[in-house]
Amino acid sequence: MARRAAGPSRRSPASGGGRTVAIVAFDGVQLLDVTGPVEVFTTANRYGADYDVRVVSLTGDTVTTSSGLVISADGAPGTLPQHLGTLLVPGRRDWRSAVADTDLIGLVTDLSTRAGRVASVCAGAFVLAEAGILDGRRAATHWELASQLAAAYPQVRVDGHPVFVRDGHVATSAGITAGIDLSLSLVEEDWGSDVARDVARQLVVFMARPGGQAQFSARLAPREPRHPAVRRVMDRVTADPAGSHTLATLAGSGGVSVRHLERLFRTEVGMTPGRYVESVRVEAAQTLLADDTGTVEEVARQAGFGSSESLRRVFQHTLGVSPTVYRARFRSTLGDRTR
């Protein structure tokens with residue numbers, strides 16, 4: 001059954017987007033990739049929007065999600081109207097199985113030609129890429145899958161940092177809950193910021209999530225070096241992030257010249273020695289902030305940044321959040337209840 005919700009008198013949409021939101025479900029799909037956007041669009045109807053949200057599967061039958069939970073569909077694709085406002089494609093962690101499903105790719109390809117805009121959540125970007133919809137476009141996906149998307153579809157301009165990106169009529173989002181952020185932005189586009197803000201408040205989520213994916217991702221692991229000098233340098237840095245790691249001292253520990261060390265790092269690690277030192281220190285600071293009770297100033301010194309101001313600048317540039325905010329988000333879900 002199509003999902004609509006009773007609400008106050010209808011307001012005029014801010015854009016000309018069609019009212020039908022078609023979400024394609026299939027076996028193995030991430031549950032929250034589907035239910036998050038459904039909740040956003042149907043909640044928007046309580047505040048004046050007029051979405052007709054439909055979850056469709058290839059055959060109209062139920063699908064088994066990644067969690068093992070079985071969800072029903074509103075019907076097969078043939079039950080959809082000819083014109084769709086939004087086509088939304090969720091993801092499956094085993095994206096190779098999804099892109100190998102020729103029926104799924106054919107369906108998405110067909111529906112995309114009938115939709116005013118096309119969107120994906122998480123690994124759904126792989127389905128859009130396989131269908132050729134992302135060719136030449138900037139796209140986002142889960143931080144852990146960004147390099148795989150770039151390697152599998154070099155014609156897509158993959159950006160692993162944003163929570164979601166928009167390129168023309170195509171929007172792609174990062175992992176799982178980012179589908180909520182993306183859907184809120186589409187509601188705002190259609191019905192204005194007041195409706196989107198009402199939805200965000202009702203769902204107790206950020207209207208616009210601060211920071212990008214970097215604050216959630218594991219540090220990008222450098223390539224495994226073959227040269228023994230590079231391995232010695234990397235071992236020295238990881239053993240003591242706060243140590244004195246100038247180019248000269250690093251080159252000396254590796255037994256090579258500064259210029260040769262820089263060339264080796266770019267070739268074998270994919271970054272400069274200085275960037276590698278900074279990445280190790282950021283990771284050390286993240287661990288200390290999440291696990292320790294020391295002040296931000298103490299964490300900065302222990303991680304090798306020297307001062308809290310230096311740590312703050314690097315965190316803002318690298319992760320998009322301050323050290324204090326990072327600690328508040330990742331230290332514990334228990335807060336003061338443990339005291």
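Which residues form one aromatic cluster with Trp-95? Select Trp-95, Phe-126 and Tyr-153: these three make up the cluster. Keep in mind that the model is predicted.

**Inside the cluster**

Stay on Phe-126 and Tyr-153. Their ring centres are 6.5 Å apart and their planes stand at 65 degrees, so the pair is edge-to-face, the label for angles over 60. Now colour by secondary structure. Phe-126 sits in helix 4 (residues 124–130), while Tyr-153 sits in the loop between helix 5 (146–152) and strand 8 (157–158), so this pair ties together parts that are 27 residues apart in sequence.

**A second ring pair**

The aromatic pairs come to five by count. For another of them, select Phe-41 and Tyr-51. The ring centres here are 5.0 Å apart with the planes at 70 degrees, so this pair is edge-to-face. Phe-41 belongs to helix 1 (residues 31–45) and Tyr-51 to the loop between helix 1 and strand 2 (52–56), so the pair ties together parts ten residues apart in sequence. Both Phe-41 and Tyr-51 are buried.

**Two crossing helices**

Next, select helix 9 (residues 247–254) and helix 10 (residues 258–268). Their axes come within 9 Å and cross at roughly 85 degrees, which makes helix 9 roughly perpendicular to helix 10. Show the side chains where the helices meet. From helix 9, pick Leu-247, Ala-248, Leu-250 and Ala-251; from helix 10, pick Val-258, Leu-261 and Glu-262. What kinds of residues make up the contact of helix 9 with helix 10? Six are nonpolar, one is charged and none is polar.

Terms used. Residues are numbered from 1 along each chain as its sequence is written. This is a predicted model: local features need pLDDT of at least 70, side-chain atom pairs count only at pLDDT 80 or more; totals for chains, interfaces and linings use all residues. Side-chain values use heavy atoms; hydrogens and water are left out. Rings of Phe, Tyr and Trp (its six-membered ring) pair if their centres lie within 6.5 Å; planes under 30 degrees apart count as stacked, over 60 as edge-to-face and the rest as tilted. Helices (H or I, at least four residues) and strands (E, at least two) are DSSP runs, numbered from the N terminus. Buried means under 20% relative accessible area, exposed over 50%, partly exposed in between (1.4 Å probe, protein chains only). Axes are lines fitted to C-alpha atoms, for helices over the stretch in contact, and angles run from 0 to 180 degrees between N-to-C directions. Angles under 35 degrees count as roughly parallel, over 145 as roughly antiparallel, 65 to 115 as roughly perpendicular and the rest as oblique. Contact means heavy atoms within 4.5 Å. Ala, Val, Leu, Ile, Met, Phe, Trp, Tyr, Cys and Pro count as nonpolar, Asp, Glu, Lys and Arg as charged, and the others, Gly among them, as polar.
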